[in-house]
Amino acid sequence: MKYYSSVVLLLSFLTACMSSSTGSSDNRGQGLSTAINLNWSQSFELEDGTALNPAEIESYIIHWRHSTSDQYEEIIIDDTSINSYVFTATKSGEYYFTLSLKTVYGTNSQLSNVVYKEVK
């Protein structure tokens, strides 16, 4: 039986922090470090509309890409008791995220909605 995700992926907040190795207040040449908090609900259903038992979830998979990349990269989260992840963006540009899950039966859900955030 196919599993699909009724999950909605949200960007809850975005903060930008500049790190300085010299202690100077001049920010030129410093690396960008932006935290993007991703949150999702934990309500999943089978294709027939019945609820998926949380014990049947093996892992969450965050699919992300930077605007300059054509391919999504994956972050696998094995702790299925959580429903959030903090992603650190290190370059400016647009970041795109979607979520899926893997079941203990080896099947993958469909992808959630896509969210994006522009980092300046």
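The model is predicted, so to speak of local features we need pLDDT of at least 70, and side-chain atom pairs count only at pLDDT 80 or more, while totals for chains, interfaces and linings use all residues. Residues are numbered from 1 along each chain as its sequence is written, and side-chain values use heavy atoms, with hydrogens and water left out.

Start with the overall layout. The protein chain has nine strands and zero helices; helices (H or I, at least four residues) and strands (E, at least two) are DSSP runs, numbered from the N terminus. Of the 120 residues in the protein chain, 33% are buried. Buried means under 20% relative accessible area, exposed means over 50%, and partly exposed is in between, with a 1.4 Å probe and protein chains only.

Now strand E5, residues 57–66. E5 pairs with E8 in the antiparallel sense over nine bridges. Two strands pair if DSSP finds at least two bridges between them. On the other partner, five bridges join E5 to strand E6, residues 73–77, and these also run antiparallel. A hairpin of six residues joins E5 to E6. Tyrosine 60 stands opposite leucine 101 in E8 and opposite isoleucine 77 in E6.

Next, the rings. How many aromatic pairs does a search of the whole structure find? It finds six. Rings of Phe, Tyr and Trp (its six-membered ring) pair if their centres lie within 6.5 Å; planes under 30 degrees apart count as stacked, over 60 as edge-to-face, and the rest as tilted. Why is the pair of tyrosine 96 and tyrosine 116 stacked? Their ring centres are 5.5 Å apart and their planes are at 25°, so the pair counts as stacked. This pair links distant parts of the chain, with tyrosine 96 in strand E8 (residues 93–103) and tyrosine 116 in strand E9 (residues 115–119), 20 residues apart. Tyrosine 96 counts as buried because its relative accessibility is 19%. Tyrosine 116, at 47%, is partly exposed. Elsewhere, Trp64, Phe87, Tyr95 and Phe97 form one aromatic cluster.

Last, arginine 65. Its charged end sits over the ring of tyrosine 96, 4.6 Å from the centre. Arginine 65 also lies over the face of tyrosine 72, at 5.7 Å from the ring centre. A charge sits over a ring if NZ of Lys or CZ of Arg is within 6 Å of the ring centre and within 35 degrees of the ring normal.
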